[in-house]
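Please look through the sequence and the model shown here before reading on.

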Amino acid sequence: MQFSEIPGLVEVKNTLIHSVKNNHVAHAQLFAGVEGSAALPMAMAYATYVNCLEKTDTDSCGKCSSCSKFNKLIHPDLHIIFPVATNKKITKDPSSDVFMPDWREAFLANPFFTFNDWMELLDAENKQLIINVEESRTVVKKISMKAFEAEYKIVIIWLPETMRTEGANAMLKSLEEPPAKTLFLLVTAKQERLLTTIISRTQRVQIRLFNDAEIKDYLISKRGIGEAQAKRVTYLADGNLHDAIQLLSSEDQNYEAKIRDWFRACFGSKLQDMMRLSEEFAALPRELQKSLLQYGLGVFRDSLMYKEVGTDLLRVDEESKDDMVQKFSQVIDFTKVMSLSQVLNDAHAEIERNISSKMVFMDTSFQMNKIFKQK
């Protein structure tokens, strides 16, 4: 993975590159960003850069023996730890080493993949995915050995918030005083769930969400789509590149129009349409369901913005300004927007907790209908 494969985020890349050039590489770093951010690919690009044999001032070379192995995730001094559970194929003693071929395939297909993507791929039948204590002890043993060929031994821990307390404790000493030339890169999507003892032993690298220009440019340059389609997907993704990629593959189904129909049905008390659209949304992948709820939050936010300050600060395109946002701005106020936003945020949280999607969307429909009717 190279920095050039990650759109934008120039400020983060520069900070990481300068740390290597100035020989100020912290031995334990925490890459923190929400799901769909560049936290994991950024950590991987940094790991590649650190050990590149012919690094430039802006990136790894991508061609040397080290880069070639890092790009394929097969370097002997790269150790990747991630949450696992037993499934139909692996019925006992699950570990990162056992599932590494699957994880490698998932990352190489989409470096911005999420925990939910991994759960679906693993097919663990609703079992809790964790990094267990044996995994932590294995890492400690691995880093105690000499490096095979790289300058740095690198341990990437993806989603350390899934570590049990005993597993985290087993790794604390290594995080605080690792062997020479050993680098820990922890990648979290929920840093609030991390033990304070873990956070205190790491240097944080905050990874922000992408801005609209970064996502749009990526979709046009890397995915080869047109300007108009890129704008639609960018608005729906709301800074989340994982969602943008997923929406791109589903964009021909015009989910943007469907969620606008859903809002109109709720506003107009059209029960049959509310039920039909709730069932359609419930049949979608959960990540896409969450993206559509995020889109709804954006519509309400922009409608209020349109009502208060006009079009200057809106993210939507001209067609949306003249249609959905403009019309909703005539029938909502600040109180309704706050209530509607809370309903959609609650629905988003319930989808994340794997509550029945059909029930969530139906309940959300009725709540929005009630709010729209308020005077």
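This is a predicted model: local features need pLDDT of at least 70, side-chain atom pairs count only at pLDDT 80 or more; totals for chains, interfaces and linings use all residues.

Residues are numbered from 1 along each chain as its sequence is written, and side-chain values use heavy atoms, with hydrogens and water left out.

A salt bridge is defined here as a side-chain nitrogen of Lys or Arg within 4 Å of a carboxyl oxygen of Asp or Glu, and the structure holds 17 of them. One of these joins Glu 149 to Lys 69, with the closest N and O atoms 2.9 Å apart. Glu 149 sits in the loop between α6 (133-143) and β3 (153-158), whereas Lys 69 belongs to helix α3 (residues 65-71), so that the pair links distant parts of the chain, 80 residues apart. Helices (H or I, at least four residues) and strands (E, at least two) are DSSP runs, numbered from the N terminus. Glu 149 counts as partly exposed because its relative accessibility is 43%, and Lys 69 falls in this class at 27%; the term covers values between buried, which is under 20% relative accessible area, and exposed, which is over 50% (1.4 Å probe, protein chains only).

A second pair, Arg 137 and Glu 134, forms a salt bridge at 2.8 Å, N to O. Both residues lie in helix α6, three residues apart, about one turn of the helix. An α-helix has 3.6 residues a turn, so residues three or four places apart point the same way. Arg 137 is partly exposed at 42% relative accessible area, and Glu 134 is partly exposed at 45%.

Because Glu 176 lies in helix α7 (residues 165-176) and Arg 201 in the loop between α8 (196-199) and β5 (203-206), the pair ties together parts that are 25 residues apart in sequence.

Helix α7 also deserves a look along its length: at 1.5 Å a residue its twelve residues should span 16 Å, and its end C-alpha atoms are 16 Å apart, which agrees. The expected span is 1.5 Å times one less than the number of residues. The buried residues of α7, among them Met 171 and Leu 172, pack against β1 (28-32), α6, β3, β4 (182-188) and α8, where contact means heavy atoms within 4.5 Å.
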